[in-house]
Amino acid sequence: MGALPVFRWRLAPDGYATRRQLRARGLRPGGQDVAAQLERPRRRGGPLVAYLYRVADAKPVRPMTPAKWAALAKANTARRTCPECGRDASYIIPTSLGMCGTCVYPGESAA
C-alpha cells in the first residue's frame, strides 16, 4: 500500500468525503480503505487529521430494522430511568450525577 495523498484543510478535490459528510448524504464507507487525508495545521502539536473516502465507492446506509429500533428505545429508556427511585426522569440522566435531580437534591422543589 502506497502513501496516502495529503490535502490541506478545505482543499480536497471533489469526489472525497469524510465519514460525517458521507452520512449527511445517506452513505457509508462500505468497507473501503481510507483514500486520502486532510491536514489542518495547528500552532502547538501535530496537525489535525481527517480521513477521506471516495464518494463513488460509498454504499447506502443500511436501514434500521424493527429489532434495532426496539433495542434503541430500550437503551434510551434505561438512560432516563433513575436507579435510585426507579422513575422515568423524562430526560437522560447525567452520568456525573448517576441519578435524577429529585434524588440528588431531595430538599429543593422545582420553582
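Modeller: Strands (E, at least two residues) and helices (H or I, at least four residues) are DSSP runs, numbered from the N terminus. This is a predicted model, in which local features need pLDDT of at least 70 and side-chain atom pairs count only at pLDDT 80 or more, while totals for chains, interfaces and linings use all residues. Residues are numbered from 1 along each chain as its sequence is written, and side-chain values use heavy atoms, with hydrogens and water left out.

Let us begin with glutamine 37, which belongs to strand 4, a run covering residues 36–40. Strand 4 pairs with strand 5 through five bridges, in the antiparallel sense, where pairing requires that DSSP finds at least two bridges between the strands. Within this pairing, glutamine 37 has tyrosine 51 of strand 5 as its bridge partner. Tyr51 is also among the residues that glutamine 37 contacts beyond four places in sequence, and the others are Leu4, Pro5, Val6, Phe7, Val49, Ala50 and Leu52; contact here means heavy atoms within 4.5 Å. Glutamine 37 counts as buried because its relative accessible area is 13%, the classes being buried under 20%, exposed over 50% and partly exposed in between, with a 1.4 Å probe and protein chains only. Its side chain also makes a polar contact of 3.2 Å with the side chain of glutamate 39 (a pair of N or O atoms within 3.5 Å; within protein, one must be able to donate a hydrogen and the other to accept it, and residues adjacent in sequence count only if both atoms are side-chain atoms).

Strand 5, residues 48–54, is also joined by two bridges to strand 2, residues 16–17, and these two run antiparallel. There, tyrosine 16 stands opposite arginine 54. The backbone oxygen of arginine 54 lies 3.0 Å from a polar side-chain atom of glutamine 32, a residue in the loop between strand 3 (27–28) and strand 4. Glutamine 32 is buried, since its relative accessibility is 15%, and beyond four places in sequence it contacts Tyr53, Arg54, Asp57 and Ala58.

Two of these contact residues are themselves linked, as arginine 54 and aspartate 57 form a salt bridge whose closest N and O atoms are 4.0 Å apart (a side-chain nitrogen of Lys or Arg within 4 Å of a carboxyl oxygen of Asp or Glu). Arginine 54 is partly exposed, because its relative accessible area is 38%, and aspartate 57 is likewise partly exposed, at 41%.
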